[in-house]
Amino acid sequence: NQKIAEQLRMLSRLIGEHIDIVWQPCEIPLPVQMDPSQLTQILTNLTINARDAIGDSGKMTIETSLASITEPMMFNKNDLQPGQYAVLSVTDNGRGISPENLTRVFEPFFTTKPVGKGSGLGLSTVYGIIRQCSGHIHVYSEKRRGTTFRMYFHLCSEIATHQEHTPAKEPGTLCHETVLLVEDERALLAFVKKLLEQMGYNVLSAHGPQEALKIESDYTGDVHLLLTDVIMPEMNGPQLADILHRKRPSMKVVFMSGYTANAITHQKILAKDTAFLSKPFSSSDLWFALRKVLDVPAASPAGQSSGHNPVS
């Protein structure tokens with residue numbers, strides 16, 4: 001946090017006055033083992049990329065957080081092993097990266113910029129530094145919706161975590177509620193549906209908002225929770241939730257996205273204290289996120305809540 005804060009003025013000059021930098025530091029220190037000059041290289045390259053992606057005006061968000069990984073996760077063909085990590089996220093609201101280019105962004109000399117405008121070494125340099133530090137990087141992007149780079153570094157010391165609400169159930173306990181799952185990426189839709197069914201949930205899966213509205217309309221039973229992507233082509237997740245809440249006011253909601261919660265909030269897509277799950281996530285992350293919302297006692301009719309409680 002300290003080293004990033006020291007570089008904000010330099011990054012502001014680099015990105016230009018027409019682009020705002022939002023700095024969201026974690027509330028606790030995050031000690032990692034890396035050369036400060038390497039952190040400067042990472043931030044410089046990602047800032048230049050954000051500047052070029054945004055163009056005339058926009059916003060870049062830099063944030064740090066603590067992540068406790070409980071099971072292996074696959075990042076760019078490298079396993080992210082269980083443990084505690086300092087997470088550095090850099091998000092821009094620029095033009096985004098196409099799916100065909102997303103798989104190549106870390107290749108040396110790969111660039112979509114005109115000849116003479118980019119060497120194609122910026123992101124490969126970032127990737128090399130992070131791997132040298134035994135870290136991991138994940139990129140998420142949607143066309144015209146911006147890009148998030150999320151980097152994981154091993155903590156030098158363990159940090160005690162505190163959860164505001166302990167779910168009534170424990171992992172491994174079969175769940176019984178009905179979940180309406182909405183995700184426009186078919187592979188992820190199938191993957192999350194399988195995870196939820198293994199946990200015991202009755203899953204109604206929809207490939208997009210319009211399909212979700214039809215499934216909900218045809219379903220005569222209770223829908224206890226809506227688990228939906230935030231950014232989708234037809235309408236966004238909050239808009240879908242608002243429509244469904246008119247018919248099912250007691251239904252709770254958890255949103256998920258590859259963008260960070262702060263970045264989504266700053267784009268004014270989600271309210272600040274909304275239940276949110278960051279992609280990629282493990283099965284235990286998914287389990288706790290849903291239980292944290294579902295196990296909260298229902299509000300009284302006079303002050304009934306839609307279940308928008310923070311989970312991250």
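1. Thr-91 is buried in this predicted model. Its relative accessible area is 2%, which counts as buried because the cut-off is under 20%. The residue sits in strand E5.

2. The side chain of Thr-91 has a polar partner. It pairs with the side chain of Thr-148 at 2.7 Å. Beyond the residues within four places in sequence, Thr-91 touches Lys-59, Met-60, Thr-61, Thr-147, Thr-148, Tyr-259, Thr-260 and Ala-263.

3. Thr-64 belongs to strand E2. Thr-64 is buried too, with a relative accessible area of 11%. A polar atom of the Thr-64 side chain lies 2.8 Å from the backbone nitrogen of Cys-26. Setting aside neighbours within four places, contacts of Thr-64 include Asn-1, Ile-4, Trp-23, Leu-30, Val-87 and Leu-88. Gln-24, Pro-25 and Cys-26 are also among them.

4. Helix H2 covers residues 36–54, 19 residues in total. From first C-alpha to last, H2 reaches 27 Å, close to the 27 Å expected at 1.5 Å a residue.

5. Look at both ends of H2. After the helix comes Gly-55, with a positive phi near 85 degrees.

6. Which residues of H2 are buried? They are Gln-38, Leu-39, Ile-42, Leu-43, Asn-45, Leu-46, Thr-47, Ala-50, Ala-53 and Ile-54. Their cover includes helices H1 (2–15) and H4 (122–132). Strands E1 (19–24), E2 (58–69), E5 (83–92) and E7 (146–154) also contribute to that cover.

Technical notes: Residues numbered from 1 in each chain as written. Predicted model: local features only at pLDDT ≥ 70, side-chain atom pairs only at ≥ 80, totals over all residues. Heavy atoms only, no water. Helix = DSSP H or I, 4+ residues; strand = E, 2+ residues; numbered from the N terminus. Expected span 1.5 Å × (residues − 1). Buried < 20%, exposed > 50% of the residue type's maximum accessible area, 1.4 Å probe, protein only. Contact = heavy atoms within 4.5 Å. Polar contact = N/O pair within 3.5 Å; in protein donor to acceptor, adjacent residues only side chain to side chain.
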